[in-house]
Amino acid sequence: MPDNNHTTATHAGDIIIDYEEDSYRKQSQEFFRDLPHNIQSYLFSLFPVATWIHRYNLHWLIRDLIAGATVGVVIVPQSMGYAKIAQLPPQYGLYTAFVGLCVYCLFATSKDISIGPTAVMSLLVGQTVTRITAVNEEITGPQIAVAMCLLTGAIAMFIGLIRLGILVDFIPGPAIAGFMTGSAITISIGQFPKLFGIKTVNTQNSSYLIFGNFFKHLPDTKLDVAFGLSGLVWLYGVRFICAYLTKRYPKYTTQLFFISIMRNGVLVIFATLIAFLMNIGKSVSPISILKTVPPGFQAMHVPNISTDLVSAVASSLPSGVIILILEHVAISKSFGRINDYTIDPNQEIIAIGFTNIWASFFGAYPSTGSFSRTAIKARSGVKTPIAGIFSAIIVLLALYALTPAFYFIPDATLAAVVIHAVADLVSGPAYMKRLGKISMWELFVFAVGVIITFFTTVEYGIYASVGLSIVILLFRIARPRFWSLGRIPLSSTTGAIVTTNEVKGEQQDLQNYLYVPQNHPSLGKLVEPLPTGILMCRIDESFTYPNSSYISDRIIAYCKENTRRNATVLSKGDRAWNDDANPVRDAARASLPRLHALIIDFASVNRLDSSGLQAIVDAQNALNRYSGHHVEFHFSNILHPAIRKSLIVAGFANQPRAGFDNEELEANDKEVLPIVPVSKDGPIQRHTTRQTTSTEHTDIEEVIETHYAQDTKAQQFDEESVSTAHSIFLPRDRYPFFHWSADEAVRTAASSIAHRPEEGSSPALSQTNVEAHH
């Protein structure tokens with residue numbers, strides 16, 4: 001690094017900040033050195049079961065057995081009901097449940113989540129089956145379901161293997177809540193005709209049409225309504241009573257919880273028994289029943305995926321992958337926070353991907369994490385993911401031993417079970433009220449997801465809510481908040497800094513300030529301006545290519561609004577074609593000072609790319625021309641060495657300073673990284689070399705020395721005491737334009753303002769006077 005930069009004299013106890021140049025060769029050597037270990041760690045991470053299976057014990061086994069059996073009782077009726085939503089025979093729901101429960105435990109990092117058919121995924125599969133079979137009768141529903149299972153699983157597993165789980169972070173919670181709420185409402189409305197035994201309503205239409213046609217055909221209600229409504233009353237009644245008794249008798253919480261969970265199984269058993277008794281001696285059932293459910297795995301085979309089938313389901317794959325990953329990761333993260341453990345999103349995506357690939361060989365349709373069953377599993381005291389195997393055993397028992405009994409399960413009862421399950425997915429008024437207080441934009445995203453899903457399909461609802469979320473995110477990046485800062489004096493009780501002036505040999509107190517936006521709603525009336533000719537601003541976003549031009553324009557506009565133009569009179573021929581000088585406006589600003597320095601608070605800037613860097617250079621050049629002299633750019637609270645390095649590359653570390661450097665240098669108009677190579681026949685690219693003489697180097701040290709000098713006690717500390725002390729002095733950067741506090745930046749900028757030549761005087765003469773003064 002060149003030595004022609006401004007530096008300051010050091011004292012005992014001072015911490016001077018600089019960074020060693022980072023070598024790409026060194027980084028490459030470290031990468032290849034660590035590569036074998038990283039590969040080994042990556043392979044071991046694919047099988048998290050290896051990290052805890054050796055600690056498995058009898059106590060865990062008992063807890064897992066109880067939780068697994070509890071979930072198994074719930075998943076059997078739910079999976080058959082969800083299969084009907086997916087426009088598939090009920091046994092396909094059992095196939096999906098079995099494989100998800102069995103395989104997931106090998107790759108899981110969440111002990112709570114329960115894999116299987118879910119409401120939202122079933123709705124998507126059902127809508128896809130309806131869409132494809134309407135135009136291509138040769139393709140069957142089970143073929144479509146298996147193809148979606150295999151392809152969505154393969155895509156998800158690929159995303160997890162290459163560690164792209166970060167993609168799910170771009171989809172906010174309100175978008176997920178929006179399409180899940182819309183899906184829950186859609187599913188519930190779609191179950192109304194079954195609940196009332198109305199067969200004249202096409203449940204494949206949009207929700208609003210089903211809702212209208214349901215009331216239109218309400219006189220066609222059959223005996224099924226007795227099973228449907230009584231089932232809902234039973235399900236919600238048991239839940240309410242158990243919740244009430246739990247509050248009244250806390251010591252019976254566990255017993256009441258298991259009684260409450262059994263309500264689904266008890267309802268199906270008694271409804272099936274009543275339906276069986278009603279059908280004795282009758283050739284036609286008076287109510288709609290499930291009828292034959294083939295025992296065992298009748299659809300097990302290698303998936304037959306043709307090009308026509310792939311092209312048919314291709315449009316539904318993106319939404320299928322989104323549901324697959326988002327539902328699973330969101331639920332697993334939520335229960336990880338509740339139960340105090342951390343999940344690996346990438347590994348969870350691998351687990352759900354592999355589960356669906358394997359499930360496609362059993363004839364299953366896409367499965368993911370279920371919110372309701374996960375909550376039951378967690379509440380049951382599950383200890384490890386092995387609990388899923390015990391749930392799978394229950395499903396296996398149902399497939400091989402209980403299928404004859406499934407014949408008489410009333411469709412209205414399954415509709416009641418489905419409505420009861422999906423109702424918990426609806427985000428109610430309380431959620432919307434809180435969301436509106438936090439962000440109206442996010443409430444808008446939520447509303448769009450609900451409305452689009454309700455009036456069209458869940459696929460369009462997902463695309464609309466996710467797309468709108470990304471647009472809002474990009475807009476926030478492209479148009480960040482820009483704050484003009486003022487300062488408020490702090491009282492001495494907040495910790496004023498006492499410094500030693502080594503030139504005069506006396507101590508003085510330095511006033512500390514709080515820097516806040518000038519229009520702060522609470523503190524704005526207390527804000528006072530910075531020293532004459534000094535402005536400060538803050539940018540609440542990384543400085544990158546989407547927002548670089550916007551921020552540069554805001555900086556220039558802010559500085560022009562608060563300072564006056566150089567009074568140099570140009571002839572009509574010399575005036576630039578785009579000069580925006582306005583005599584009336586300039587006259588109104590005549591009483592304002594000329595801009596001396598701009599301080600940019602980089603506390604919220606985490607990235608600075610080439611476009612952002614060029615924008616800062618352009619802003620400085622524009623302000624130099626506006627002010628008629630070089631405007632110092634100071635930077636406070638730089639967070640990362642890479643940002644500091646970029647600013648050094650652009651020349652901001654070695655700017656000329658009023659009174660100490662030759663300001664008769666040409667503007668730094670050269671592009672940092674030109675997009676198009678500079679033409680040899682084009683304009684001359686001018687740039688400053690910013691050299692400083694030894695005399696000037698000494699002068700700047702003497703001026704800044706006063707500001708940076710420390711307490712006399714600080715000079716008694718040696719390097720060892722500084723390294724072990726609990727508190728340190730404010731660090732100083734090697735360059736006087738980079739600062740660790742706003743106060744330091746203002747004092748440094750103010751130290752050279754007195755040497756600014758008056759408007760109309762000769763800069764060279766002023767420079768001579770300054771040197772004579774020193």
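Of the 774 residues in the protein, 49% are buried, where buried means under 20% relative accessible area, exposed over 50% and partly exposed in between (1.4 Å probe, protein chains only). This is a predicted model, in which local features need pLDDT of at least 70, side-chain atom pairs count only at pLDDT 80 or more, and totals for chains, interfaces and linings use all residues. Residues are numbered from 1 along each chain as its sequence is written, and side-chain values use heavy atoms, with hydrogens and water left out.

The protein has 28 helices and 12 strands; helices (H or I, at least four residues) and strands (E, at least two) are DSSP runs, numbered from the N terminus. A contact means heavy atoms within 4.5 Å. Among contacts with a separation of 6 or more, 81% come from residues 24 or more positions apart.

**Helices**

Gly 100 belongs to helix α3 (residues 91-103). Gly 100 is buried, with a relative accessible area of 1%. Leaving aside residues up to four places away in sequence, Gly 100 touches Ile 115 and Thr 355. Thr 355 is 255 residues from Gly 100 in sequence, yet the two lie 5.9 Å apart in space, C-alpha to C-alpha.

Helix α4 (residues 119-135) has 17 residues. From its first C-alpha to its last, α4 reaches 25 Å, close to the 24 Å expected at 1.5 Å a residue; the expected span is 1.5 Å times one less than the number of residues. Because 12 of its 17 residues are buried, α4 is largely enclosed by the rest of the structure. The buried residues of α4 include Ala 119, Val 120, Met 121 and Ile 132.

**The sheet**

An open sheet is formed by 6 strands in the order β7-β4-β8-β9-β10-β12, with mixed pairing. The strands β7 and β12 stand at the edges with a single partner strand each, so one side of each is left without a neighbour in the sheet. Two strands pair if DSSP finds at least two bridges between them.

Strand β7 (residues 513-517) is mostly covered, with 4 of its 5 residues buried. Strand β4 (residues 482-489) runs antiparallel to β7, and 5 bridges join them. Pro 489 has Tyr 513 in β7 as its bridge partner. Strands β9 (residues 597-601) and β10 (residues 632-636) pair in the parallel sense over 5 bridges. Leu 598 stands opposite Phe 633 in β10.

**Cavities**

A cavity is a set of points on a 1 Å grid over the protein atoms alone where a 1.4 Å probe fits but cannot get out, and its lining residues have an atom within 4 Å of a point. Grid points are joined across faces, edges and corners, and a volume is the space filled by probe spheres set on the points. The count comes to 4 cavities of 30 Å³ or more.

| Cavity | Volume | Lining by class |
|---|---|---|
| Largest cavity | About 90 Å³ | 7 nonpolar, 3 polar and 2 charged residues |
| Second largest cavity | About 60 Å³ | 5 nonpolar, 4 polar and 1 charged residues |

In these classes, Ala, Val, Leu, Ile, Met, Phe, Trp, Tyr, Cys and Pro count as nonpolar, Asp, Glu, Lys and Arg as charged, and the others, Gly among them, as polar.

The largest cavity is lined by 12 residues, of which Ile 638, Arg 644, Asp 733, His 739 and Trp 740 lie nearest its centre. Its lining takes at least two residues from each of α24 (641-649) and β12 (738-739). Residues lining the second largest cavity include Tyr 82, Thr 118, Ala 119, Glu 327 and Phe 371. Ala 119 is also among the buried residues of α4.
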